[in-house]
Amino acid sequence: MSTDRRVLVHPDRATLAGSVAARFITKMIDLIEDEGEAHVVLTGGSVGVEVLAAIAHSPARDSLDWSALHVWWGDERWLPRDDDERNETQARRALLDHVSIPDENVHPFPASDDGIELEEAAAAYADELRSFARDGAEHPRFAILFLGVGPDGHIASLFPERPGPLVDDRTVIALDDSPKPPPGRLSLTMPVIRRAERVWLVLAGADKAPALGLALAGANPAEVPAAGAQGTKRTVFFVDQDAATDVPESLTTPPTYWTGAMDQQDWTPSDWTPSTPRR
């Protein structure tokens, strides 16, 4: 597993969303060309949805072969299928309804009106993950796994001081006592997150600054779950200026803005030359 982490600081939320969207499209085009298909994990939250909307509105959107992309979710609220608060519903409205991705390539968590119980839903999603795995794995190889970060440092529905961040014997867990409403939730576990090739954490706002600072300082993942989020190839924190107030200067240089060269395996800080002053 790579220990390399990058923090990319953007002046505001709109720039942040646009930058992540551009990087996502470029990376997916390259991966699909090289590998034939790609699996990604989406996140919810206001910034996560803004990124999806920015992808949908990008002029380059249709350059991506959406038929070769499989979409999953990191967590979900235990609500009826079309509820406005479901991450699936928000993702469909922001992006998936606007692109030509096949229905069979979209893998939402079960819903509360599907006729099964919460624990059964967790087992069903684990089975779905396993059905797309290779080489004896328990889930697909995720090229990109998006995460939001809560002010308390939670990721997906893995909350501080709860059992979730420590579960290592399952790919999916069910919660019936979430500290955030609704109490019922489904979530991928930390081992799944940490086996993704690229973990992209997207966060904005001053209320996220303490959690970001603690995560980068190496806090205990049981207390700050975001500290445990790490990809096997790359881990990137995409943040706005407000969220970056507690980030050490050394971790935000380089870079402020991403270019495609930075995703190459042999890219190093010496390859970067600033074109925009860091704010």
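Contact here means heavy atoms within 4.5 Å. The model is predicted.

Q: Which residues does F24 contact, leaving aside neighbours within four places in sequence?
A: F24 is in contact with V40, I55, L64, W66, L69, I144, F146 and W200. Contact needs heavy atoms within 4.5 Å, so each of these residues meets that limit with F24.

Q: What makes F24 and M28 stand out in the largest nonpolar core?
A: That core has 85 residues, and F24 and M28 touch the most other members. Helix α1, residues 13–35, gives the most to this core, with 9 residues.

Q: Why is L69 called buried?
A: Buried means under 20% relative accessible area. L69 has a relative accessible area of 0%, so L69 is buried.

Q: Where is L69, and what does L69 touch?
A: L69 is in strand β3, residues 69–73. Not counting residues up to four places away in sequence, L69 touches F24, M28, A38, V40, I101 and N105. L69 and G36 are 33 residues apart in sequence, and their C-alpha atoms are 9.1 Å apart in space.

Q: Why are α2 and α3 called roughly parallel?
A: Helix α2 spans residues 46–57 and helix α3 spans residues 87–94. Their axes cross at roughly 25° and come within 8 Å. Angles under 35 degrees count as roughly parallel. The crossing of α2 and α3 falls under that limit, so the two helices are roughly parallel to each other. The crossing is right-handed.

Q: Which residues make the contact between α2 and α3?
A: From α2 come V49, L52, A53 and A56. From α3 come Q90, A91 and A94. By class, this contact has 6 nonpolar residues, 1 polar residue and no charged residues.

Key
Residues are numbered from 1 along each chain as its sequence is written. This is a predicted model: local features need pLDDT of at least 70, side-chain atom pairs count only at pLDDT 80 or more; totals for chains, interfaces and linings use all residues. Side-chain values use heavy atoms; hydrogens and water are left out. Axes are lines fitted to C-alpha atoms, for helices over the stretch in contact, and angles run from 0 to 180 degrees between N-to-C directions. Helices (H or I, at least four residues) and strands (E, at least two) are DSSP runs, numbered from the N terminus. Angles under 35 degrees count as roughly parallel, over 145 as roughly antiparallel, 65 to 115 as roughly perpendicular and the rest as oblique. A crossing is left-handed if the near helix is turned anticlockwise from the far one by less than a right angle, and right-handed if clockwise. Ala, Val, Leu, Ile, Met, Phe, Trp, Tyr, Cys and Pro count as nonpolar, Asp, Glu, Lys and Arg as charged, and the others, Gly among them, as polar. A nonpolar core is a set of buried Ala, Val, Leu, Ile, Met, Phe, Trp, Tyr and Cys residues joined through side-chain atoms within 4.5 Å. Buried means under 20% relative accessible area, exposed over 50%, partly exposed in between (1.4 Å probe, protein chains only).
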